[in-house]
Amino acid sequence: MQDDAAPRDGDDDAAVARDAAEEASAFSHPEVAPDVTMAYGDHPDQVIDFYAPRDPDPAVPAPVVIVLHGGAWRAPYDRRHITPFADFLTRRGFAVANVEYRRGEAASPAPRGPVIPAQGGPTDPGRDDAAPSEAGGTATGGPVAGRWPDTFDDVAAALDALPALVRRALPQADPLRMVITGHSAGGHLALWAAARHLLPADAPWHTDRPAPLRGVVALAPIADFEVAEKLDVCGGASRQLLGGETTFAERLPYADPVRLLPTGIATTLVQGRTDIVVPQAVAESYADAAAKAGEVVGLTLLEDVGHFPLIDPAADACAVVAEEIAQLAW
């Protein structure tokens, strides 16, 4: 099949050039300020930006789209780069909650609650000191992807706090009609957040019942960590997120969405066929695992689309994403 064939050098060059152009377009839009920002914790990164729907119908409360940004869980990439996408959704009638969370750097040494498996022990020096390129590649000596367990602590806390915060920040929105979406690393977090009721019982993020979500729309998600590692997605970012080689395997059951199925929550993956940042095989692996677990997960594959058009308001792919969200939200 064409997608599985090894590209020639010229094809590689063309793919890289196309990816760079798509990224440049997605990042060309000016940042859009939120209507209000509210905290869900004490750390500066524990905040949510809220965007009210443009031209709302006063008779119909707007659905809420929870947005989790990507960037390989690395510190240089924060929620600001996805604000044009958030604004795009508000112009489609949605209220938006754009969640920030802790990324990169080492986990705080301060005492915490129960954390599993233990944080201690060396990380993999060969993989965990990689810095991102603009398209998610790496170069030695830069920030590590994510924090264990802080990144997961934050996403869990934000989701738990959201219904009450929505009522305060967006009175025109319906906190009972929420869809979660995320791009790339944020797609991983969206799938994970919807599966917390399937986490091992000793996980601090475990919940007794499924999250109150109408659905999940994961955009080019890092949805299967072992497949992502085989493909060296984002320079080994998923291994870094879990603390390196020595803790990767033992932490997979607590962090890898492909191991947390079936969720019982309507889920759709949107994936570009020409994505060289998070290749199609990662999403396909998750969809296949869901099917084996007895759950149908939608997989929308977009021809001639790479990684970044999914969040680029100027791209047709972004309108497809909005439609997938609308099908679950309304």
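Is C234 buried or exposed? In this predicted model, C234 has a relative accessibility of 6% and therefore counts as buried, since the limit for that class is under 20%. C318 is likewise assigned to the buried class, because its relative accessibility is 0%. A disulfide is a covalent bond between the sulfur atoms of two cysteines. The structure holds 0 disulfides.

Attention may now turn to strand 7, which spans residues 173-183. Of its 11 residues, 9 are buried, so strand 7 is largely enclosed by the rest of the structure. Two pairings of strand 7 can be followed in turn. Between strand 7 and strand 8 the chain passes through helix 4 (residues 185-193), forming a β-α-β crossover that is right-handed.

Two packed helices are described by the angle between their axes and the distance between the axes. For helix 2 (residues 83-90) and helix 9 (residues 316-329), the angle is about 55 degrees and the axes lie 11 Å apart. Helix 2 and helix 9 are therefore oblique to each other, and helix 2 passes helix 9 in a right-handed crossing. The buried cysteine C318 falls within the residue range 316-329 of helix 9.

Notes: Residues are numbered from 1 along each chain as its sequence is written. This is a predicted model: local features need pLDDT of at least 70, side-chain atom pairs count only at pLDDT 80 or more; totals for chains, interfaces and linings use all residues. Side-chain values use heavy atoms; hydrogens and water are left out. A disulfide is a pair of cysteine sulfur atoms within 2.5 Å. Buried means under 20% relative accessible area, exposed over 50%, partly exposed in between (1.4 Å probe, protein chains only). Helices (H or I, at least four residues) and strands (E, at least two) are DSSP runs, numbered from the N terminus. A crossover is right-handed if, with the strands pointing away from the viewer, the path from the first strand over the helix to the second runs clockwise. Axes are lines fitted to C-alpha atoms, for helices over the stretch in contact, and angles run from 0 to 180 degrees between N-to-C directions. Angles under 35 degrees count as roughly parallel, over 145 as roughly antiparallel, 65 to 115 as roughly perpendicular and the rest as oblique. A crossing is left-handed if the near helix is turned anticlockwise from the far one by less than a right angle, and right-handed if clockwise.
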